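Subject: Structure handover

Hello,

Here is the structure I promised to pass on. Please open it alongside this email, and then read my notes below.

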Amino acid sequence: MAFSILIIDDSPISRMMLAKCLPKGDYQLRQAGGGAQGLKMYGEQKADLVFLDLTMPEMDGFETLARLMEADPQAKVVVVSADIQSKAREKVLGLGALDFVPKPPTAQKINDIFKSVGL
Amino acid sequence: MAEQLGSDVYQQIIDSLSQGTFVLDREMRVVLWNRWMEQHSGLSKAQVIGKDIGALFPHLKAKAFFWKVNNVFTLGNFAFFSQELHSSLFSFSATSFLNNSFETMQQSVIVAPIRSVGGQVDMVCVSISDVTDAVINRERLKASKKRLEELSRIDHLTEVANRRHFMEHLEQELNRHARQGKTLSLAILDIDHFKNVNDEHGHLCGDKALVDFAKLVSASLRKYDMIGRYGGEEFCLLLPATDMEAAMVVLERVRSSLANAVFQWEEVSFKMTASMGVVSTEDHPDLGVDRLMRLADEALYHAKASGRNKVMMA
Amino acid sequence: MNGLTEIRRQAIEELINISFGQAVASLAEVLGGHLQLDVPKVQAVSPLEVINILSASIEEKDEVSLVQQAFSGDFFGEAVLALPGKAGENLMYLVMEDGGFTPDMEIDKLRLEVILEVSNIVIGACMGQFSALLNTVISYSPPNVFLYKITSDRFREHIRAKGPEALLIYTKFAHQEREVTGYLFFFLSDQCLDWLYSEVDNFLDFNT
């Protein structure tokens, strides 16, 4: 019963850091280096949980989030970001994100998120 | 192995510091007040502990003090109050009697966050340093430099004679020429539309243009002629033993080499011209420096009024 | 020690990204409004490139204020926050509106004070978080402010004097409602790069 995780972040280091926080389990992990690529991958195959960065060049996290939710209103997206302003947080929750995790992510926090999504 | 000093020892250390040290809690109340603070504020520990610093020093409200201290509480950074912007954050009397041009102590203030075990900033430590002496020395140095410039005879930008030196020399030459029955000519040059150069290309370009202008004019002069900088874009020429006819030849040469020259600065090139007014003592004997200057100036005015880039006789 | 490898560069970029996020959030608390973050770039570049970056985004007639603050500890160098054009003035208005304090200072001094304090906050928060991520603590000198016209030679001289080149990190922030854009540069002395690279390697081992 493999489930699928998608990480969208332009920084390879950031993706690695997040991957390290993921709990052990039987799931598929895909990574996208930008908003456009992330949308494409999601379109090809839906992910059960998406981790999304905000500060990306070309298409930023806000736009990516909006388009993701439009393509799939049931999408489960958690924003993981260095931009920790309360307005950024409000904005993404308003756009339909599940949660907001400040960088650097901790294993604890990621674990909690997995639990809350029932994974 | 770190040694724990007793709290009495810490108290003595804090009281021995040669700078003001006090601590505020989140409500801006004084929690610690060292001896330096007592001595310079005239307020004892007993009088201030537990009191709101704003009540003790009401003028702090207007000096961005609380804004910055609040930032230290919320954000945990260090805050700095430089003497240049704040001079005397706290109005204490200056301490040195011998030195002094300052009545109030010049201060540099630093605010440091003090964290609780949990990492929260629950207090701030304010340090006041007396920098009056440093400021006095700095001001003295500035004044010396200024005096030195005044005493020297050279305009520091163009390196021609400065105004004072030129006028002194002109006075001397007038007297000498009068004694010897000789004629001297005096001209005032003003660069045309110089303001445009500054506006279009900036002040640095303008400065370079002045330097190049002065060089060019100097190169067109004869051995005993003198050039001086009179004002921003105004120069004076002293042509000894020269009547009006000879003066016109020299000045026309200056005018045309200027008009033909191309001035350069970084990637910009442009041209400049100058207007000139000239007066000769043969036509106006027995006139003093001021009157001669005025006549030359009137001639300059006419040169400007009739199209610029020309030489006019008084 | 192999210097700035690609993976180290990316790691430093990410660390600064995280740190800068903290800095901007701190600034937003002081200013109100939303601040836009740029994606930071880490480059080993010459000071001339700093001038090019700034010149590309600033109109010739404008002045730029540079706040320079030195820091030291296990790693050391200088941070420079460049605020072009009206940024300084607009910051002043933002602070007065939000901070609600009516200062008794002359407008010129107040503007400088705001520029200094904002820079102090941004630099302190960014460097603070960066050093915390690397498990160290650094200390700061008081900041200094300089005002230049972008085309001025003195401005170029000032930036050029920051050599020999060390690591340059640059990023920028912009305020949504008012015209306030700031460019943050870090010049890290080449004498501390060995330490920095080894700490970055440790960070990578531990976290990725």
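Ser4(A) sits in strand S1 of chain A. Which residues does Ser4(A) touch, leaving aside those up to four places away in sequence? They are Tyr27(A), Gln28(A), Arg30(A), Gln45(A), Ala47(A) and Asp48(A). Take Asp48(A): 44 residues separate it from Ser4(A) along the chain, yet the two C-alpha atoms are 5.3 Å apart.

Now the strand itself. Within it, Ile5(A) stands opposite Leu49(A) of S3(A). Helix H2 of chain A, residues 35-44, packs on the sheet. H2 touches S1, S2 and S3 of chain A, and its direction makes about 165° with that of S1(A).

The whole sheet is next. In what order do the 5 strands of this open sheet in chain A lie? The order is S2-S1-S3-S4-S5, with parallel pairing. Strand S2 (27-32) and strand S5 (99-102) of chain A are the edges, and each pairs on one side only. On average, neighbouring strands are turned by 20° against each other, direction ignored.

Some totals for chain A. It has 5 helices and 5 strands. Along the sequence they follow the pattern β-α-β-α-β-α-β-α-β-α. Chain A has 119 residues, and 39% of them are buried. Of its contacts with a separation of 6 or more, 63% join residues 24 or more positions apart.

How confident is the prediction for chain A? The average pLDDT is 92, and 99% of the residues score at least 70. Where in chain A is confidence lowest, and where highest? The lowest is helix H4 (residues 86-95), at a mean of 90, and the highest is S3(A), at 96.

On to the contacts between chains. Chain A meets chain C through 19 residues of chain A and 18 residues of chain C. Helix H1 of chain A, residues 12-21, gives the most to the chain A side, with 6 residues. By class, that side has 9 nonpolar, 5 polar and 5 charged residues.

Chain B touches chain C too. This contact takes 17 residues from chain B and 23 residues from chain C. On the chain B side, helix H5 (65-75) and strand S3 (79-81) each supply at least two residues. H5(B) provides the largest share, 6 residues. The chain B side divides into 10 nonpolar, 5 polar and 2 charged residues.

One last item, inside chain B. Helix H9 (residues 194-201) and helix H10 (residues 203-219) of chain B pack with their axes 6 Å apart, at an angle of about 140°. That angle makes H9(B) oblique to H10(B). From H9(B), the residues in the contact are Val197(B), Asn198(B) and His201(B). They meet His203(B), Cys205(B), Gly206(B) and Ala209(B) of H10(B). By class, this contact holds 3 nonpolar and 4 polar residues, and no charged ones.

Best wishes

Key. Residues numbered from 1 in each chain as written. Chains lettered and ligands numbered in written order. Predicted model: local features only at pLDDT ≥ 70, side-chain atom pairs only at ≥ 80, totals over all residues. Pairing = 2+ DSSP bridges. Helix = DSSP H or I, 4+ residues; strand = E, 2+ residues; numbered from the N terminus. Axes fitted to C-alpha atoms, helices over the stretch in contact; angles between N-to-C directions. Contact = placed C-beta atoms within 7 Å. Nonpolar A, V, L, I, M, F, W, Y, C, P; charged D, E, K, R; others polar. Parallel < 35°, antiparallel > 145°, perpendicular 65-115°, else oblique. Buried ≥ 20, exposed ≤ 12 C-beta atoms within 10 Å, placed from the backbone. pLDDT = per-residue confidence, 0-100.
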